[in-house]
Amino acid sequence: MTGRRRTRSTFLPGLLTRHARNGVLSAGAAVACAALVAGCGVVPGTTGDAGGDPITVMTWAPQDTKATNKPGMPAFARAYARWVNAKGGINGRKLNVLTCNDHNDSVAAAKCARRAAKENVVAVVGSYSQYADSFFPSLEGAGIPYIGGYGITNAEFTSPLSYPVNGGQAALLAGLGSALAGCGPVALIRPDTIAGDQLPPLLDSGLKAGGHSPARDQRAAEDATEYDGHADLALRTTTTDPGDDGCVVPALGDRNGTFMDSFRRAREEYPDVRTATVLGSVDQTVIDATGGASGPYEGSYITGWYPVASDPRWDAMKRVIKEEAFDDNSIDPADAGVQTTWIAYSVFHKVVESLGDGEVTADTVTEALDDGLGISTGGLTPTLRWRFQGKLASVGFPRLVNANVTLQVVREGRLVSARKGFVDTTQTLENADVNY
């Protein structure tokens, strides 16, 4: 069998062990998110009789919201299922992908997780949600592993059922801070949200490692339609010494473009400053839309989790897109969400292969991961291997196993590598002043 799991008892989610993770679902877990209400869907034509029961997984992300949207992640998950199934499935089993729209809303995120439990999915793979406190209880109660979340919440690096493939915002900001240690004053513009509250100490950890003072922390509305006041304040803060160029760091996700519109207008009245940010807030599409080589990102440092999109290590992912989603404009191979989804499904694929002809359930997938299975991603990350207590457990990130980042820069309007290879931020994070 591949979908049904044995039921176990559970107590505190944070104290779960491999042999005590499955619990009795709460009454609320019996409520499924209706397809038209919560945006849930299923890949047509992905079930069949190729050697066994289909393997059912779920991918969720926000779509059609006023803030952050990641439609490419569920779209790529559906394309991946079509690609796998066209090749006979995984170990002869078809891959069945359910998708759900979390609407950037805690209630919808919880509904997606409850539906995952009701549908007996064996894993949630390659997903994005800011509402970990809403979705993890249902996943942990049902013993469902969360593989390759985007890395936007602290819980993704603490839950024993989370298997992150990147270092999240923590690694990106620590790496960026290290790169900006030579700047003058630094201003961070970030969302006035719980997730946003985690960003300043992480950027400051990198700045501190380079002997720099902390950044000025500017909170901003996540869904604002203009940031004129914030742009003006950031420029005033970072131009106090004309002989020491400051750096402005917007970390507003999909609203970075809105901030940069305000920033472009305001900067004409001030001395030159540099801009820098993290991948996910900016990609090549954003750089092109804001003027390319003549735009505000020219010369900007940007930290990412993975190699640049032009790197040949992405060729396999691009083949999947070309073969199964060449006309889907929502799937951008340069998008960090799409890239994370590719890596997450690659991990899941190898886990299932490791099970051979055995059962594929949430239990067996979790046990394979917890038993130290090492997974190569073709050089896109270091070999991934999860242990209950990783090197960064002492600073609140016990599940963070990949602290590598890449340093990129915008040159002549193109996002290119600024430094060869990866930068390991483990030591920087170990010294971070974070209190979760």
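These are my notebook entries on a predicted model of a protein.

**Entry 1: Ground rules**

I number residues from 1 along each chain as its sequence is written, and I use heavy atoms for side-chain values, leaving out hydrogens and water. Since the model is predicted, local features need pLDDT of at least 70 and side-chain atom pairs count only at pLDDT 80 or more, whereas totals for chains, interfaces and linings use all residues.

**Entry 2: The whole protein**

I looked up the secondary structure and found 14 helices and 14 strands. Helices (H or I, at least four residues) and strands (E, at least two) are DSSP runs, numbered from the N terminus. Of the 436 residues in the protein, 58% are buried. Buried means under 20% relative accessible area, exposed means over 50%, and partly exposed lies in between (1.4 Å probe, protein chains only). I then turned to contacts, defined as heavy atoms within 4.5 Å. Among contacts between residues at least 6 apart in sequence, 71% join residues at least 24 apart.

**Entry 3: Strand 2 and its partner**

I examined strand 2, residues 55-61, and noted that seven of its seven residues are buried. I55, V57, T59 and A61 point one way, while T56, M58 and W60 point the other way. Strand 2 pairs with strand 3 (residues 95-101) in the parallel sense, over seven bridges. Two strands pair if DSSP finds at least two bridges between them. A crossover is right-handed if, with the strands pointing away from the viewer, the path from the first strand over the helix to the second runs clockwise.

**Entry 4: The nonpolar cores**

I next looked up the nonpolar cores, each a set of buried Ala, Val, Leu, Ile, Met, Phe, Trp, Tyr and Cys residues joined through side-chain atoms within 4.5 Å. The largest has 102 residues, and L95 and F348 touch the most other members. Helix 12 (residues 336-354) gives this core its largest share, ten residues. At least three residues of the core come from each of domain 1 (55-166 + 310-402) and domain 2 (170-304). The domain bounds come from an automatic or database domain assignment. I listed the contacts of F348 beyond four places in sequence: I55, V57, L95, V122, A123, V125, I147 and V365. Another core, of 18 residues, lies apart from the largest one, and W60, L98, A116 and V124 are among its members.

**Entry 5: Two buried serines**

I found S127 in the loop between strand 4 (124-125) and helix 4 (132-142). S127 counts as buried because its relative accessibility is 0%. A polar atom of its side chain lies 2.8 Å from the backbone nitrogen of W60. This is a polar contact: a pair of N or O atoms within 3.5 Å, where within protein one must be able to donate a hydrogen and the other to accept it, and residues adjacent in sequence count only if both atoms are side-chain atoms. Beyond four places in sequence, S127 also touches residues including M73, Y146 and Y150.

I found S162 in strand 6 (residues 162-163). S162 is buried as well, because its relative accessibility is 1%. Its side chain reaches the backbone oxygen of E156 at 2.6 Å. Not counting residues up to four places away, S162 touches F136, Y146, A155, E156 and R399.

**Entry 6: Helix 7**

How many of the eleven residues of helix 7 are buried? I counted eight in this helix, residues 199-209. They are L199, P200, L202, L203, D204, S205, G206 and L207. Their cover includes helix 5 (168-179), strand 7 (186-191), helix 6 (194-197), strand 8 (216-220) and helix 14 (426-430). Just after helix 7, G211 takes a positive phi of about 80°.

I traced strand 10 (residues 274-278) to strand 11 (residues 301-304); they run parallel and are joined by three bridges. V278 stands opposite T303. With helix 10 (residues 284-289), these strands make a right-handed β-α-β unit. Strand 11 also runs antiparallel to strand 12 (residues 404-411), with four bridges, and I302 has Q408 as its bridge partner there.

Lastly, I looked up M260, which lies in helix 9 (residues 256-266). M260 is buried, with a relative accessible area of 1%. Its contacts beyond four places in sequence are P250, T275, P296 and Y297. M260 and T275 are 15 residues apart in sequence, and their C-alpha atoms are 9.7 Å apart in space.
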